[in-house]
Amino acid sequence: MSLSEIVLDIDGDSDKIYPILPIRDAVLFPGIITPLFVGRPRSLKAIENALLHDKRIFVVTQRRIDTEDPEYGDLYDTGTLCSILQMARIPDGTTKVLVEGLVRMKVNMYVKGGDVLEARLSHMPWRDPDTPNMEALKRRVLDGFERYNILQPRIPVEVMSSILSIEDVGQLVNLVGSHISVKPEFKQRLLETGDLESALGVLFRMLTEEIDILELEHDIQDRVRSVVDKQQKEYYLREQLRIIQDELGQGHGEEGGGEFSQYEKKIASSAMSEEARTKAHRELDRLIKMPSMSPESTVVRNYLDWLIDLPWNKRTVDNMDISHASVLLEEDHYGLEKVKDRILEFLAVRRQAGNDMKAQIICFAGPPGVGKTSLGRSIARALDRKFVSVSLGGVRDEAEIRGHRRTYIGSLPGRIIQKLARAESCNPVILLDEIDKLGHDFRGDPASALLEALDPMQNHNFTDHYLEVPFDLSEVLFITTANATHSIPKPLLDRMEVIPLSGYTNYEKTLIAQKHLLPRVLKEHGLGFSQVKLPTPTVSKVISDYTREAGVRGLERELSTIARKITRKVVEASDKGDDFKLPVKVKASNLKDYLGAPKLYDTKVPKKAQKGNVVGLAWTESGGDVLLIEAVTMKGKGDVSLTGNLGDVMQESAKAAVSYLRSESERLGISDFDWKEFDIHVHVPDGAVPKDGPSAGVTMATAILSAVSGRKVNPQIAMTGEISLRGSVLPVGGVREKILAAKRHGIDQIILPEANKVDVEEIPSEILGDMTFYYASEVGAVFKKALAA
């Protein structure tokens, strides 16, 4: 039957139902004979139905290739009506069907309910616009297809010749579309195109894009081939040169053999594990067989050097003398009694339990400048162990911890393995500094990589990506430092014992300056301890007027400033031949000559009772601080404004305070205040500094009540505590740091939550001095103590 007869037959019987054969990752065009391999039960049933009637079946492409049992919604609506020419069973269970595409068809209606997919179809003839562009497009398609076949010669010459001589444009579109290698979606779009001019345009764009890609592939292939040919030529010439030099007695065979022999001896004498030794021998065998100029040989040499240089079984002997450790800790640090006791307990347990002791990870958490890093160094001194530190601040790449894989030149082990090699000991003290400053991005999460290293149950088999063999870290004493623990991931924090370090009082800072800081600063500036005198009043004035911090770094900088100015005077006098009178005594009265005007840190604390101005206490990563909270009322619409760069939690505390005051207006004596006629503005100065947390709840409630009622606030009282909607005062953290901040600002009366009384009892009495504490369980007691009657 001819094509026209087939079309007439289809058009004459529009109610005829055809079985559907879905195919994956291919589109079948009219005029094309192609084999199909069928294995799905429904598809085999469709073929059997077609063979029982007129051998015609509607072949259509699936929208997704991963759909195993497609339904009507998974198929395109346009496909090709085909005639089954031949069918054969294959031993693997599938069926090979040879089909010939007849005409393009479109689904009119799917027929549901049968064993196979079926549909009523309508013919899709080409619309021939007969425009002048047709011939031009046809020629461009033929030229493009000829170029395509040159770049990717898959079509036999005789077939190509017959395609180039086709006059029928529709047949040309079908043949060219079926022979180019593009995604099924693009072929489907071509099959669905209605008129020939548009079809030629789509086909030309597909050919142009494919030609560009093929030309780029050929260009890359040519460049790779030229590089490979060059390398092979160089290798061949080098081998010839080596053989000639060996024949002349000028070769490097003995030298090379000596290098390999040295590696053999080092591997044999190393105390590395059997697994590492096997790996080292395997890499050495590779190195011997490599060309000496190969870049890979450098990678293997570096790997062997790292493997040999690691302290596999080299360790220092621990000093378990508790009294010796106690003396060293006292020499290096003033105060910190709890921390020192914990360190001595650790040494005592290690001495008593020996190797049965479970490895412990200690984390020193506290504000900057309180001695966290120096404590780690003191522990190493007390144990007579090597000390190395790893700065983790800003580390974002997991490879910094676990090493780089040996896939390129320049790869290195992770920082832990590098520090072990530098320490030349398998049991050093490793300080992981600023562990709370770890970051993470697309390169991985360093905190997760640390889990294995800091887990006593896993780190005896720590595997670095570079080494690719386990290394025992169980004898390493890991000490970490952090300013705050809330930013450390919980799984990592769970593996560490956190020892908090609080800030120092002014009295402690004075003793630290005189005993530790001043002698070191004078030595660093070329001055003797007897050449400069800083009396206790002078040091105290430096602390109170020029520094305001939890630690002593700022104090050390100020002492360095004094020492620099004295050193300059000494040097200038020496250059002029004058005698500079020593010792120099720096008095509190002339401190301005060395450090300038006092910084007056306490100017923000109110000196007299004011309305709506309350002193609060806050905790920061740098220690405790004083927070001033202001509140005013004004005519308005009942709005509440919160300013000062406040975080979400702090804003919620302010709203809770307002809600409580409004609900208890009558009991608090402010029932005459019209909340809808007045706006309330709460502000926290230092607006450039972000502030957040719930501990300012009672402070904001007191400030708002003072502004609303007109009652003034006692400026000598500072307070902290979270407020609930029922007026309960809830406990807060950082009590010691907050008390020290109040003391630094000269505040001697503090209101605290009742539940924080135990925290105050743990603070030594010499720190508390003559300070007075008031404890409140509900906010009414706070108002009664802080506000004037």
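Modeller: Among contacts between residues at least 6 apart in sequence, 73% join residues at least 24 apart. This is a predicted model, and its secondary structure comes to 28 helices and 26 strands. Of the 789 residues in the chain, 46% are buried.

The core in question, the largest nonpolar one, has 51 residues. Those with the most contacts inside this core are Ile430, Ile435, Leu450, Leu454, Leu473, Leu492 and Met496. Helix α16, spanning residues 446–454, supplies the largest share of the core, namely six residues. Leu492 shows how such contacts are made up: once its neighbours within four places in sequence are left aside, Leu492 is in contact with Ile435, Ala447, Leu450, Leu451 and Leu454. Apart from this core lies another, of 48 residues, which includes Leu329, Leu375, Val539 and Leu591. In soluble globular proteins, nonpolar side chains tend to be buried together.

Along the principal axes, the C-alpha atoms fill a box of roughly 120 × 105 × 60 Å. The chain exposes about 40000 Å², and carbon and sulfur atoms supply 50% of that area. Its charged side chains number 103 positive and 116 negative, with the centres of the two sets 7 Å apart.

Notes:
Residues numbered from 1 in each chain as written. Predicted model: local features only at pLDDT ≥ 70, side-chain atom pairs only at ≥ 80, totals over all residues. Heavy atoms only, no water. Helix = DSSP H or I, 4+ residues; strand = E, 2+ residues; numbered from the N terminus. Buried < 20%, exposed > 50% of the residue type's maximum accessible area, 1.4 Å probe, protein only. Contact = heavy atoms within 4.5 Å. Areas by Shrake-Rupley, 256 points an atom, 1.4 Å probe, with all protein chains shown as cover. Lys, Arg positive; Asp, Glu negative; His and termini not counted. Charge placed at Lys NZ, Arg CZ, Asp CG, Glu CD. Core = buried A, V, L, I, M, F, W, Y, C linked by side-chain atoms within 4.5 Å.
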